Amino acid sequence: MKCVISEQLKQRLPSGKFGVIRYHHIEIGDSPQMLRGRLELFQESLHIELQEKPIADIPELAEWRRAFKQLGTDPSRYRPSSESLYRRIQKKHFIPSIHSAADVNNFFSLYYKIPLGIYDLDRIDGTVTLTVGMEQDEYIALNGRTVNFANKLVSKDERGPFGSPIVDSERTAVTKETKNALQIVYFLPSTSEETARRQLEAIQTMFVQIHGGEADAQLLV
(Lines give C-alpha, C1' and ligand atoms only; values in the text may rest on other atoms or scores of the structure.)
Protein backbone atom coordinates (compact mmCIF):
# COMPACT_ATOMS: atom_id res chain seq x y z
CA MET A 1 0.00 0.00 0.00
CA LYS A 2 1.58 3.20 -1.27
CA CYS A 3 1.58 6.56 0.58
CA VAL A 4 2.42 9.84 -1.17
CA ILE A 5 2.35 13.62 -0.59
CA SER A 6 0.41 15.61 -3.19
CA GLU A 7 2.12 18.42 -5.10
CA GLN A 8 -0.45 20.85 -3.73
CA LEU A 9 0.54 20.00 -0.13
CA LYS A 10 4.25 20.29 -0.99
CA GLN A 11 3.63 23.76 -2.40
CA ARG A 12 1.62 25.00 0.59
CA LEU A 13 3.79 23.34 3.25
CA PRO A 14 7.20 22.81 1.60
CA SER A 15 8.95 21.78 4.81
CA GLY A 16 6.21 19.28 5.78
CA LYS A 17 7.38 15.85 6.96
CA PHE A 18 5.16 12.86 7.59
CA GLY A 19 5.83 9.38 8.87
CA VAL A 20 3.83 6.30 7.93
CA ILE A 21 4.07 2.95 9.69
CA ARG A 22 2.25 -0.14 8.43
CA TYR A 23 1.52 -2.83 11.03
CA HIS A 24 0.50 -6.40 10.21
CA HIS A 25 -0.79 -9.30 12.35
CA ILE A 26 -1.21 -7.17 15.47
CA GLU A 27 -3.34 -7.82 18.57
CA ILE A 28 -5.13 -4.78 20.02
CA GLY A 29 -6.69 -4.97 23.45
CA ASP A 30 -6.82 -3.20 26.79
CA SER A 31 -3.60 -1.33 27.44
CA PRO A 32 -1.02 -3.00 29.68
CA GLN A 33 -0.57 -1.39 33.10
CA MET A 34 2.83 -0.03 32.01
CA LEU A 35 1.24 2.07 29.26
CA ARG A 36 -1.79 3.12 31.30
CA GLY A 37 0.46 4.14 34.18
CA ARG A 38 2.80 6.16 31.97
CA LEU A 39 -0.13 7.93 30.31
CA GLU A 40 -1.71 8.81 33.66
CA LEU A 41 1.52 10.05 35.28
CA PHE A 42 2.47 12.05 32.20
CA GLN A 43 -0.91 13.78 32.13
CA GLU A 44 -0.67 14.64 35.82
CA SER A 45 2.79 16.20 35.41
CA LEU A 46 1.65 18.10 32.29
CA HIS A 47 -1.39 19.44 34.16
CA ILE A 48 0.89 20.93 36.82
CA GLU A 49 3.15 22.49 34.16
CA LEU A 50 0.20 23.92 32.25
CA GLN A 51 -1.06 25.84 35.28
CA GLU A 52 1.95 28.14 34.90
CA LYS A 53 2.60 27.95 31.14
CA PRO A 54 -0.05 29.08 28.63
CA ILE A 55 -0.74 26.77 25.70
CA ALA A 56 0.31 29.61 23.35
CA ASP A 57 3.83 29.52 24.87
CA ILE A 58 4.50 25.90 23.87
CA PRO A 59 6.70 26.19 20.74
CA GLU A 60 5.68 22.87 19.18
CA LEU A 61 1.95 23.59 19.43
CA ALA A 62 2.49 27.11 18.10
CA GLU A 63 4.41 25.71 15.13
CA TRP A 64 1.55 23.42 14.10
CA ARG A 65 -0.86 26.37 14.40
CA ARG A 66 1.35 28.31 11.97
CA ALA A 67 1.40 25.32 9.62
CA PHE A 68 -2.41 25.20 9.68
CA LYS A 69 -2.52 28.89 8.72
CA GLN A 70 -0.17 28.19 5.80
CA LEU A 71 -2.65 25.60 4.57
CA GLY A 72 -5.58 28.00 4.90
CA THR A 73 -7.01 26.47 8.09
CA ASP A 74 -8.13 28.61 11.03
CA PRO A 75 -6.32 26.90 13.97
CA SER A 76 -8.62 28.52 16.52
CA ARG A 77 -11.65 26.87 14.92
CA TYR A 78 -9.99 23.61 13.83
CA ARG A 79 -7.19 22.79 16.25
CA PRO A 80 -4.37 20.30 15.71
CA SER A 81 -5.28 17.20 17.73
CA SER A 82 -2.11 17.54 19.84
CA GLU A 83 -3.23 21.00 20.98
CA SER A 84 -6.72 19.68 21.73
CA LEU A 85 -5.18 17.04 24.02
CA TYR A 86 -3.11 19.65 25.83
CA ARG A 87 -6.15 21.88 26.33
CA ARG A 88 -8.07 18.98 27.86
CA ILE A 89 -5.22 18.23 30.26
CA GLN A 90 -4.89 21.90 31.22
CA LYS A 91 -8.55 21.74 32.36
CA LYS A 92 -7.83 18.40 34.12
CA HIS A 93 -10.11 16.56 31.67
CA PHE A 94 -7.61 13.70 31.48
CA ILE A 95 -7.71 11.37 28.49
CA PRO A 96 -9.03 7.96 29.55
CA SER A 97 -7.55 4.68 28.38
CA ILE A 98 -9.37 3.67 25.17
CA HIS A 99 -7.47 0.64 23.88
CA SER A 100 -3.80 -0.13 23.42
CA ALA A 101 -3.44 1.35 19.92
CA ALA A 102 -5.20 4.63 20.74
CA ASP A 103 -3.27 4.91 24.00
CA VAL A 104 0.09 4.57 22.25
CA ASN A 105 -1.01 7.30 19.83
CA ASN A 106 -2.08 9.63 22.63
CA PHE A 107 1.11 9.01 24.60
CA PHE A 108 3.38 9.94 21.70
CA SER A 109 1.16 12.85 20.68
CA LEU A 110 1.63 14.29 24.17
CA TYR A 111 5.32 13.36 24.36
CA TYR A 112 6.37 14.87 21.01
CA LYS A 113 3.56 17.50 20.96
CA ILE A 114 2.47 16.48 17.45
CA PRO A 115 -0.67 14.94 15.92
CA LEU A 116 -0.77 11.20 15.15
CA GLY A 117 -3.45 9.13 13.45
CA ILE A 118 -4.04 5.36 13.50
CA TYR A 119 -6.29 3.63 10.95
CA ASP A 120 -7.57 0.14 10.17
CA LEU A 121 -5.52 -0.82 7.11
CA ASP A 122 -8.17 -3.29 5.91
CA ARG A 123 -10.66 -0.41 5.59
CA ILE A 124 -8.34 1.60 3.33
CA ASP A 125 -8.45 1.10 -0.44
CA GLY A 126 -5.57 1.84 -2.79
CA THR A 127 -2.95 4.57 -2.56
CA VAL A 128 -3.03 6.95 0.42
CA THR A 129 -2.43 10.59 -0.51
CA LEU A 130 -1.71 13.32 2.02
CA THR A 131 -3.11 16.48 0.50
CA VAL A 132 -5.05 19.71 0.99
CA GLY A 133 -8.77 19.04 1.01
CA MET A 134 -11.36 20.42 -1.40
CA GLU A 135 -14.95 21.56 -0.84
CA GLN A 136 -16.38 18.09 -1.44
CA ASP A 137 -14.02 16.40 1.03
CA GLU A 138 -15.82 15.51 4.25
CA TYR A 139 -16.48 12.57 6.54
CA ILE A 140 -18.22 11.54 9.73
CA ALA A 141 -15.57 11.95 12.41
CA LEU A 142 -14.94 9.87 15.53
CA ASN A 143 -16.91 12.48 17.52
CA GLY A 144 -19.97 11.76 15.35
CA ARG A 145 -19.88 15.11 13.57
CA THR A 146 -19.53 15.65 9.83
CA VAL A 147 -16.35 17.66 9.21
CA ASN A 148 -15.50 19.40 5.95
CA PHE A 149 -11.84 19.43 4.93
CA ALA A 150 -11.65 22.26 2.41
CA ASN A 151 -8.22 23.91 2.86
CA LYS A 152 -7.25 21.43 5.56
CA LEU A 153 -4.60 18.73 5.67
CA VAL A 154 -6.30 15.43 4.95
CA SER A 155 -5.43 11.83 4.03
CA LYS A 156 -7.42 10.23 1.21
CA ASP A 157 -7.66 6.80 -0.35
CA GLU A 158 -9.60 5.70 -3.44
CA ARG A 159 -12.88 6.00 -1.52
CA GLY A 160 -12.19 9.54 -0.31
CA PRO A 161 -10.90 11.30 2.81
CA PHE A 162 -10.42 9.31 6.02
CA GLY A 163 -7.89 11.02 8.30
CA SER A 164 -6.39 14.33 9.37
CA PRO A 165 -4.34 15.93 12.16
CA ILE A 166 -7.62 17.43 13.44
CA VAL A 167 -9.94 14.44 13.94
CA ASP A 168 -10.16 11.05 12.23
CA SER A 169 -13.05 9.28 10.52
CA GLU A 170 -15.41 6.57 11.72
CA ARG A 171 -14.82 4.64 8.48
CA THR A 172 -11.22 3.67 9.21
CA ALA A 173 -11.37 3.65 13.01
CA VAL A 174 -9.15 1.11 14.77
CA THR A 175 -10.90 -1.31 17.15
CA LYS A 176 -9.89 -4.36 19.17
CA GLU A 177 -10.75 -6.42 16.07
CA THR A 178 -8.18 -4.61 13.90
CA LYS A 179 -5.34 -6.88 12.71
CA ASN A 180 -3.54 -4.53 10.32
CA ALA A 181 -3.10 -0.80 10.84
CA LEU A 182 -1.65 2.32 9.29
CA GLN A 183 -0.19 5.01 11.53
CA ILE A 184 0.44 8.55 10.24
CA VAL A 185 2.79 10.84 12.17
CA TYR A 186 2.57 14.58 11.52
CA PHE A 187 6.06 15.80 12.37
CA LEU A 188 6.84 19.42 13.10
CA PRO A 189 7.91 21.04 9.81
CA SER A 190 11.10 22.27 11.55
CA THR A 191 12.10 18.74 12.61
CA SER A 192 15.21 17.42 10.88
CA GLU A 193 14.89 14.23 8.86
CA GLU A 194 17.29 12.50 11.27
CA THR A 195 15.17 13.43 14.30
CA ALA A 196 11.97 12.44 12.47
CA ARG A 197 13.44 9.01 11.71
CA ARG A 198 14.42 8.54 15.37
CA GLN A 199 10.93 9.49 16.55
CA LEU A 200 9.38 7.17 13.96
CA GLU A 201 11.55 4.29 15.20
CA ALA A 202 10.61 4.96 18.84
CA ILE A 203 6.89 4.93 18.00
CA GLN A 204 7.21 1.74 15.93
CA THR A 205 9.25 -0.03 18.62
CA MET A 206 6.77 0.64 21.43
CA PHE A 207 3.78 -0.24 19.25
CA VAL A 208 5.24 -3.62 18.23
CA GLN A 209 6.35 -4.38 21.80
CA ILE A 210 2.74 -4.02 22.92
CA HIS A 211 0.88 -5.42 19.90
CA GLY A 212 3.27 -7.93 18.32
CA GLY A 213 3.22 -8.44 14.57
CA GLU A 214 5.49 -6.89 11.96
CA ALA A 215 5.97 -3.27 10.92
CA ASP A 216 7.65 -1.17 8.27
CA ALA A 217 8.12 2.60 8.42
CA GLN A 218 8.60 5.29 5.81
CA LEU A 219 9.39 9.01 6.05
CA LEU A 220 7.59 11.16 3.48
CA VAL A 221 9.20 14.53 2.67
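Visitor: Which residues touch the most other members of the largest nonpolar core?

Guide: A nonpolar core is a set of buried Ala, Val, Leu, Ile, Met, Phe, Trp, Tyr and Cys residues joined through side-chain atoms within 4.5 Å, where buried means under 20% relative accessible area, exposed over 50% and partly exposed in between (1.4 Å probe, protein chains only). In soluble globular proteins, nonpolar side chains tend to be buried together. Here the largest core has 65 residues, and Leu9, Phe18 and Leu110 touch the most other members. Helix H5 (residues 100-112) contributes the most to this core, with 6 residues. This is a predicted model: local features need pLDDT of at least 70, side-chain atom pairs count only at pLDDT 80 or more, and totals for chains, interfaces and linings use all residues. Residues are numbered from 1 along each chain as its sequence is written, and side-chain values use heavy atoms, leaving out hydrogens and water.

Visitor: What does leucine 9 touch?

Guide: Contact means heavy atoms within 4.5 Å. Not counting residues up to four places away in sequence, leucine 9 touches Pro14, Phe18, Leu71, Leu130, Thr131, Val132 and Leu153.

Visitor: Which residue is the bridge partner of leucine 130 in S7?

Guide: Helices (H or I, at least four residues) and strands (E, at least two) are DSSP runs, numbered from the N terminus, and two strands pair if DSSP finds at least two bridges between them. The partner of leucine 130 is serine 155. Strands S4 (residues 128-132) and S7 (residues 153-157) run antiparallel, joined by 4 bridges.

Visitor: What is the strand order of the open sheet?

Guide: Its 4 strands follow the order S1-S4-S7-S8, with mixed pairing. Strands S1 (3-5) and S8 (160-163) are the edges, each pairing on one side only.
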